[in-house]
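The structure comes first, then the points by topic.

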Amino acid sequence: MSSDYDVVVLGSGPGGYIAAIRAAQLGLKAAVVEKEEVGGVCLNWGCIPSKALLRNAEVLNLFRDPAKWGVSFDNMTYDMGAAIDRSRRVVDRVVKGVQSLFKKHNIDLYRGTGRLASQGVVAIDSLGKKLKAANIILATGTRARSLPGLKVDGETVVTSRNALESRETPATIVIVGGGAVGVEFAYFYRSYGSEVTIVEMLPRLLPGEDEEVSQHLERALKRQGIQIMTGSTVEKLARSKGRAKVTISPGAEVIECDRVLLGVGVQPNTEELGLEGLGVEMENGFIKIDDRMAANVPGVYAIGDVTGKMPLAHVASAQGVLAAEVIAEREPAPLDYSQMPRAIYCQPQVASMGLTEQAAREKGHEVKIGRFPFAANGKAVALGLPDGFVKLVADARYGEILGAHLIGHDVTDLLAEISTARMLEGTALEIGRSVHAHPSLSEAIMEAGLGVFDESLNI
Ligand code: FAD
């Protein structure tokens, strides 16, 4: 049977669209099937619009302390609706960018819901089409999970997707979940004047991050006026006239609020894909893959959030590149998920990779820590943003970098240096010895590198 395409990708998020582009670069004929807007959750309802909103919040916060900058004005007003409008314009621009990349690479885009009709055949029922595909990449992503008793109604109990559209500032909001989505929205709403409470079941915010970073963030958010209830769960929720009464345990504290935002994780978009019919193996609802992104059925691959590996856009893209290269018989090296960067964009921002200090010790490493505070970094002080620190977790023997944990202004843009150093098999020594521009925030990384050997200079 000759195929219409070498590769058909279901879903055009950062996994799917990157896989299609990489496939096309490698000379494969590729098509993408997308049931909503090109760019997936990331471009339309995740990474990009949320970062646009956070930028508005940062700008607003600059105006909050005008005397510090020698500026004065009367009657400052601000409008969250304008921030939402700007974020939608940003989305529009990046989505158009992906559409034009599809054209540039001769990637056919089918707008409709795709499913596996049989091995090597994708059906798009709404278009009455069947595409013969030598290889199929499933990149259908995830959607927000809800919790029992907290049914999403889109008005009072909302997901991040609803929140990204809502132009009204809630006077009070309870955010359930102290992970990345929870803390980013908490910072955003607090910046616009909402009374914000975060309810997190585990003992600390960002439970997967290094404990010192979690604690520092918790203190910073509290200083901003955000109430944080860790080790707590929503016991009961009662809705009335567009408001909610939330009972939080332990302690049965009751908070009345205008909105409850759920940031409690995701569930995979795997229903109605025809997976059972073909015998595609699943694990906790996610598609099971090997380190070549291959599912158990020949010619079927899966990438991105739907694989349940790490729900991050850049991980989806890295998996997409790898899947395309496997299909093009390039034999790429497997991904090391433990080294994937993690980034959270409230202010102060959090960025990390590799092992936390505790995990490194538990793995039996003899650990040395290099730590440098932004309060001792000239650029951070000049910017008026001295909060936070860089913490490098290194193996004591050769200074191998096991993990990096940063908190501070715009630290998400500093992390790549450490990833690159690691990839080139550099150690904390190379980071500490390489000359960094002065003054720059990146000097804090250099100083933390030196700190691993107790040789930091500016502290
Ligand atoms: P998605 O982006 O979910 O794309 C899947 C696509 O498949 C969708 O467009 C969907 O319509 C389509 N689809 C589904 N089923 C079918 C079908 N049967 N046929 C055709 N099409 C189908 N990650 C980061 O790395 N950094 C961030 O800053 C960040 N911020 C976030 C903020 C928020 C509020 C949220 C919710 C998420 C954020 N994420 C962030 C996570 C990030 O959005 C996801 O990791 C990423 O979008 C996953 O990409 P994907 O390609 O796997 O799937």
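Of the 35 residues around the ligand, G15, E34, K51, D305 and A313 come nearest; a residue is counted if one of its heavy atoms lies within 4 Å. This is a predicted model, in which local features need pLDDT of at least 70, side-chain atom pairs count only at pLDDT 80 or more, and totals for chains, interfaces and linings use all residues. Residues are numbered from 1 along each chain as its sequence is written, and side-chain values use heavy atoms, with hydrogens and water left out.

- E34 places a polar side-chain atom 2.6 Å from an oxygen atom of the ligand.
- G114 uses its backbone: an N or O atom there lies 2.9 Å from a ligand nitrogen atom.
- P311 has a polar backbone atom 3.3 Å from an oxygen atom of the ligand.

- Helix α3 (residues 47-63) packs on helix α6 (residues 180-191) at about 40°, with axes 9 Å apart. Axes are lines fitted to C-alpha atoms over the stretch in contact, and angles run from 0 to 180 degrees between N-to-C directions.
- That angle makes α3 oblique to α6; oblique is what remains after under 35 degrees (roughly parallel), over 145 (roughly antiparallel) and 65 to 115 (roughly perpendicular).
- The α3 and α6 crossing is left-handed, meaning that the near helix is turned anticlockwise from the far one by less than a right angle; clockwise is right-handed.
- S50, K51, L53, L54, A57, E58, L60 and N61 of α3 make the contact with E184, Y187, F188 and S191 of α6. Contact means heavy atoms within 4.5 Å.
- Six of these residues are nonpolar, three polar and three charged. Ala, Val, Leu, Ile, Met, Phe, Trp, Tyr, Cys and Pro count as nonpolar, Asp, Glu, Lys and Arg as charged, and the others, Gly among them, as polar.

**α3 with α4**
- α3 and helix α4 (residues 80-104) pack at about 140°, with their axes 8 Å apart.
- α3 is therefore oblique to α4.
- Their crossing is right-handed.
- Contact residues include I48, P49 and A52 of α3 and A83, I84 and V94 of α4.
- By class, this contact has nine nonpolar, two polar and three charged residues.

**α1 with α9**
- Helix α1 (residues 16-25) and helix α9 (residues 313-327) cross at roughly 35°, their axes coming within 8 Å.
- This crossing is right-handed.
- I18, A19, R22 and A23 in α1 meet S317, G320, V321, A324 and E325 in α9.
- The residues divide into five nonpolar, two polar and two charged.

Methods. Helix = DSSP H or I, 4+ residues; strand = E, 2+ residues; numbered from the N terminus. Polar contact = N/O pair within 3.5 Å; in protein donor to acceptor, adjacent residues only side chain to side chain.
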